[in-house]
Amino acid sequence: MCCARWHGVKIMTPLWLALHLPRLPLEARVPLPSPSAVVDHGRILLGDAAARQAGIEAGSGIPAARMLAPAITLIARNPAREEAALHTLACWAGCLTPRINLMPDALLLEVGSCLRLFGGLARIAEAAIDGIRALGFSVEAAAAPTPLGAHWLARMGTGARCADLASLRQHLEELPLAVLPDKAATQLARFGARTLADVRRLPSADLGRRIGKETLQRIAQAFGELPDPRAGFVFPERF
């Protein structure tokens with residue numbers, strides 16, 4: 001792979017640092033007694049370490065969770081609390097870059113223009129990861145020239161640091177269909193596809209009919225083949 005490392009990398013701009021927050025629904029609600037889990041639409045969405053140790057997995061039903069851990073605390077998912085936590089984290093991340101985009105489970109930081117100030121990608125990435133963890137949140141990070149590409153790589157926990165589109169595309173093609181919407185992933189699996197590389201080998205006209213033009217567009221944006229304009233986070237007048 002020709003994906004760059006944090007150290008000694010020749011950086012091009014723009015460069016996006018994605019900070020995926022895999023446990024946001026739970027960590028936005030701390031402190032909580034243990035074991036605890038977040039419930040969404042009648043199913044377990046996410047459990048803490050004690051819940052997982054008891055065998056409670058995402059998708060478990062509530063009766064099954066209570067049978068495995070009778071003392072478990074179950075809380076309903078609270079999107080407003082998650083959004084508030086994201087805004088708090090974005091305000092903190094303003095010390096790293098003024099260009100921030102929020103996603104439901106991630107912060108996307110455009111850091112290409114700030115690297116010299118911080119001494120390179122390694123240092124700004126380390127500062128971002130350490131800062132998010134110090135605020136009490138788990139984080140997976142990845143860097144790429146496209147915001148969606150960086151987000152997908154972070155979501156899958158690859159830790160990839162891609163300085164150019166060629167290396168980004170190599171990493172993206174290895175990703176499983178899980179990065180796509182569930183309906184599209186199910187349809188593609190019926191074709192025998194398992195990775196984005198498999199998807200890219202399918203005829204685009206047929207793909208558009210099967211999975212929809214929007215999903216096809218998102219794939220192209222992730223790979224840097226279509227523009228992906230992003231609304232910037234608006235910082236409050238007072239912190």
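The paragraphs below go through selected strands, loops and helices of a predicted model. Residues are numbered from 1 along each chain as its sequence is written, and local features need pLDDT of at least 70, side-chain atom pairs count only at pLDDT 80 or more, and totals for chains, interfaces and linings use all residues. Side-chain values use heavy atoms, with hydrogens and water left out.

Helices (H or I, at least four residues) and strands (E, at least two) are DSSP runs, numbered from the N terminus. The loop between α1 (24-27) and β2 holds Pro 31 and also Pro 35. The peptide bond between Val 30 and Pro 31 is cis, with omega about 5°. A cis bond also leads from Ser 34 to Pro 35, where omega is near 5°.

Strand β2 covers residues 36-40 and includes Ser 36. The relative accessible area of Ser 36 is 1%, so this residue is buried (under 20% relative accessible area; exposed is over 50% and partly exposed lies in between, with a 1.4 Å probe and protein chains only). Residues up to four places away in sequence aside, Ser 36 touches Gly 47, Asp 48, Ala 51, Ile 72 and Thr 73, where contact means heavy atoms within 4.5 Å. His 41 lies in the loop between β2 and β3 (43-47). Its phi is near 55°, a positive value in a residue other than glycine. His 41 counts as exposed because its relative accessibility is 78%.

Glu 110 belongs to strand β6, residues 106-110. This residue has 3% relative accessibility and therefore counts as buried. Apart from neighbours within four places in sequence, Glu 110 contacts Pro 14, Leu 15, Trp 16, Thr 97 and Arg 99. From Glu 110 to Leu 202, 92 residues apart along the chain, the C-alpha atoms are separated by 32 Å.

The remaining paragraphs concern helix α11. An α-helix has 3.6 residues a turn, so residues three or four places apart point the same way. In α11 (residues 204-211), the residues Leu 207, Gly 208 and Ile 211 are buried. Viewed down the axis of α11, these buried residues fall within an arc of 100°, so they line one face of the helix; the arc is that of the directions from the helix axis to the C-beta atoms. Ala 205 and Arg 209 are exposed on the face turned away from the buried side. The cover over the buried residues includes α9 (182-190), α10 (196-200) and α12 (213-222).

Two packed helices are described by the angle between their axes and the distance between the axes. Axes are lines fitted to C-alpha atoms, for helices over the stretch in contact, and angles run from 0 to 180 degrees between N-to-C directions. The axes of α9 and α11 are 9 Å apart, at an angle of about 130°. The pair is therefore oblique (under 35 degrees is roughly parallel, over 145 roughly antiparallel, 65 to 115 roughly perpendicular, and the rest oblique). Ala 184, Gln 187 and Leu 188 of α9 meet Leu 207, Arg 210 and Ile 211 of α11.

Just after α11, Gly 212 has a positive phi of about 95°. The axes of α11 and α12 come within 7 Å and cross at roughly 125°, which means that α11 is oblique to α12. Their contact involves Ser 204, Leu 207, Gly 208 and Ile 211 from α11, with Lys 213, Thr 215 and Leu 216 from α12.
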